[in-house]
Amino acid sequence: MAGEVAVRVAVIGGGPGGLYAAALLKRLDPSREITVWERNAPDDTFGFGVVLSDETLGGIEHADPVVYRALQAEFVRWDDIDIVHRGRTFTSGGHGFAALGRRRLLAVLHRRCRDLGIELRFRTEAPPAAELARAHDLVIAADGVHSATRTAHADAFRPRLTTHRCRYIWLAADFAFDAFRFEIAETEHGVAQLHAYPYAGPSPDPHPSETPSGVPYSTGASTVIVEMREEVWRSAGLDRCDERASAEWCAKAFTDALRGRPLRSNNSSWTAFRTVVNDRWSHGNTVLLGDAAHTAHFSIGSGTKLAVEDALALAACLQEQPDTAAALAAYEAERRPVVASTQRAARASLDWFEELSTYTGQPPRQFAFNLLTRSRRVTHDNLRLRDPGFVAAVEGEADTPADTPPMFTPFRLRSLTLRNRVVVSPMDMYAARDGVPGDFHLVHLGARALGGAGLVMTEMVCVSERGRITPGCAGLYTPDQAAAWRRVTDFVHTQAPGTAIGLQLGHSGRKGSTKLMWDGIDEPLDDGNWPLVAASPLPYKPGSQRPHELTTNELATIREQFASAARRAVDCGFDLLELHCAHGYLLSGFLSPLTNQRTDAYGGSLSRRLRFPLEVFDAVRELWPEEKPMTVRISATDWAAGGTTAEDAVAMAAAFAEHGADAIDVSTGQVVAEESPDFGRSYQTPFADRIRNTLGVPVIAVGAISSWDDVNSLVLAGRADLCALARPHLYDPHWTLHAAAEQGYTGPGAPWPPPYQAGSRTPPTGRTDAPKPRLTLR
């Protein structure tokens, strides 16, 4: 029966998550026998203040008003974030934080557990989870990031631990900052950053007043976290410093922020953040909670917040489900997607701070905006609602015209000026006959050109018959194909003036001779196959055709095929040409160490793997008009061990830029079938960001960019110059015009074609504002 599952409960770990889970379960069923094991003393704690969101507090208020009232009386709340960089402070408001001291939080939970009759065993190591599981109905393993339970049952939980590249230390200041503060210190050793926020912490006053929970009260304290890359930490000698010396170094580095005051520690030590992911959260009647199950970088919030939310969900599922097994399955099903989303945002934030040195040269307000939107959870539109003045100042610094969203500002590549930052990404249509684009291509590309994007890209257009992916792929190796493409470009230039159209040239390599996508993506043809060529004789996946390893003479032939296609492209009237060096096709196959195992001059080191793609680029660039831009699409990671790394991607981009590429179109993956992409909103954009801000090379960002808010955010933050969207343009050919309409923009960055102007306003819907009754009778 619901509410009667898990009568005997053991909790390993007396942190906030474990204590709160115990309190909730006891409150829901007073007959439960609950014991909490905590190896430390009641007053022992690590860290200082913790942050909880309004959403988490709302859950606490609903589930346990006693705990909520005790916490509410002690929270410090604030709305502002201060960002300090190179002596300038920028303040953004409207954010809404609540924090309190970790000791206070534990004291409130200790008191609540005791009042409910829960047995708290301090200074006591918990028996092994397996032993507890035999004597209890439920074992909650809330034993932290270094969970012994998770380690003991690794075969069941299948944990994956990732240690990151920064070192950080938790410290405290005995005064309250006015706001959440980020500050950057550019030291002789490298960049360090401070994250600080006020909390209601322990008072240094020997006779402090007391809060309702009986804990000494003072608002005069702040949590201070100092973080830096590992190499900076070592260069500064902090790897050889003890706790006191580390606090002194940090206080000196951020003396202005601290007003010359010292920092204090509490068993503080430098550590590298670990991301914890588990394939499963339960094993039998043992379940992981909080940091034992998952971690998220402190720069986007609090691990305590996640642990408390876990406790709320676990208690609810145990109340709602008929037995413990069903409850644990429901708990994981409910929490896993929420945690995964949080971890994606945390990883984006963590990566941003790891690459902080690449952003320090940005214009100051843009730097502040970039920091605030780093996790992709806070966006341009969201931030404008919170603090319109701050966003207006950022846009003003960027010379964005008044009442113009950043996405509708122009961008210049050589002699080509794009009227906005939206690109219709190349998308294979598989609708050509003998490589000739037909009416479908005219309508498909023409509709999207009329839809307002600054640049419309063709699908990958193949340079030879054997270079096609499928029999339905378009080509540019015959006069008939060139004439058909000229028909498309003429339509775009005549009927959608101001829209540029670009050609993507490529060769399928080992991924050719396959069925149309909807008949079986990447599956070999049932008949009529043609021989494949590649950098090395490696089939794409089991069952795929084995390609022939290209000889030097064959490389020269293919290079000339690209050059011949470029000659035709000039006559076709394209405005931009892109060389496809991504997604495992021929040129991409040379770049990746997973697909290029050659031992000649075209294999081995990255510089040698780049040789043939650069030769092709040079051959095309030589024939492509000087005034017209060329871009290159790369896969910035293979999403597979031993493949292309983010560092490799920067080196590739630098090489192509040195040879004359005007922008790098930064995609990822599809190089090897065994890839494991880290999917999520805008998940590929950090790779473009890194290239742009490391090299200063213009980039086109791609990868699950689905909203105009994303485009505005990426452009204004300086993470991308152009944003390529694919699926949104399949859903809505007029995506860009509709984005303008939804933002109330009517300027030159998104003009409606004259025949469509009558539709430039959102159509009315059914009435939803019916008058309310004036009288209510009881």
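Predicted model: local features only at pLDDT ≥ 70, side-chain atom pairs only at ≥ 80, totals over all residues.
Biologist: Happy to start with the barrel: in what order do the eight strands close, and is the pairing parallel or antiparallel?
Modeller: The barrel closes in the order β19-β20-β21-β24-β25-β26-β27-β28. Neighbouring strands of this sheet are turned by 30 degrees against each other on average, with direction ignored. As for the sense of the pairing, it is parallel.

Biologist: Which residue in β20 stands opposite V424?
Modeller: Strand β19 covers residues 422-424 and strand β20 covers residues 455-462, and the two pair in the parallel sense over two bridges. Across from V424, the residue in β20 is V456.

Biologist: What angle does the direction of helix α19 make with that of β21?
Modeller: Helix α19, residues 552-572, packs on the sheet and touches both β21 (500-506) and β24 (576-581). Its direction and that of β21 make an angle of about 165 degrees.

Biologist: And which strands does helix α24 lie across?
Modeller: Helix α24 is made of residues 685-695 and runs at about 165 degrees to β27. The strands it lies across are β25 (630-635), β26 (663-667) and β27 (699-701).

Biologist: Why does N420 count as buried?
Modeller: N420 is found in the loop between β18 (416-418) and β19. Not counting residues up to four places away in sequence, N420 touches M407, F408, T409, G452, A453, G454, L722, T736 and G749. N420 counts as buried because the cut-off is under 20%, and its relative accessibility is 0%.

Biologist: How far is the side chain of N420 from the backbone oxygen of G749?
Modeller: Let me take the two backbone oxygens in turn. The one of G452 lies 2.8 Å from a polar atom of the N420 side chain. For the backbone oxygen of G749, the side chain of N420 reaches it at 2.8 Å.

Biologist: What does the UniProt record say about residues 407-740, and how far apart are the end C-alpha atoms of that stretch?
Modeller: According to the unreviewed UniProt entry, residues 407-740 carry the annotation "domain: NADH:flavin oxidoreductase/NADH oxidase N-terminal". In the model, the chain over these residues is 36% helix and 16% strand. The end C-alpha atoms of the stretch are 9 Å apart.

Biologist: Why does the span of helix α23 agree with what it should be?
Modeller: Helix α23 has 13 residues, 646-658. At 1.5 Å a residue it should span 18 Å. The span agrees because its end C-alpha atoms are apart by 18 Å.

Biologist: Which residues of α23 are buried, and which glycine with a positive phi follows the helix?
Modeller: The buried residues are A646, D648, A649, V650, M652, A653, A655 and F656. In general, an α-helix has 3.6 residues a turn, so residues three or four places apart point the same way. The residue that follows α23, with a positive phi near 115 degrees, is G660.

Biologist: Is D403 buried or exposed?
Modeller: Most residues other than glycine have a negative phi. Phi of D403, however, is positive, near 60 degrees. D403 lies in the loop between α15 (388-397) and β17 (411-413). At 74% relative accessibility, over the 50% cut-off, D403 counts as exposed.

Biologist: Where does A704 lie, and what is its relative accessibility?
Modeller: A704 also has a positive phi, near 60 degrees. A704 lies in the loop between β27 and α25 (708-716). It counts as partly exposed, with a relative accessibility of 41%.

Biologist: One last stop: how far apart are the C-alpha atoms of W78 and Y197?
Modeller: W78 is found in strand β4, residues 76-78, and counts as buried at 6% relative accessibility. Among the residues W78 touches are F97, F180, Y197 and P198. W78 and Y197 are 119 residues apart along the chain, and their C-alpha atoms are separated by 9.3 Å.

Notes. Residues numbered from 1 in each chain as written. Heavy atoms only, no water. Helix = DSSP H or I, 4+ residues; strand = E, 2+ residues; numbered from the N terminus. Expected span 1.5 Å × (residues − 1). Buried < 20%, exposed > 50% of the residue type's maximum accessible area, 1.4 Å probe, protein only. Pairing = 2+ DSSP bridges. Axes fitted to C-alpha atoms, helices over the stretch in contact; angles between N-to-C directions. Contact = heavy atoms within 4.5 Å. Polar contact = N/O pair within 3.5 Å; in protein donor to acceptor, adjacent residues only side chain to side chain. UniProt positions renumbered as here; feature names shortened; annotations may be inferred.
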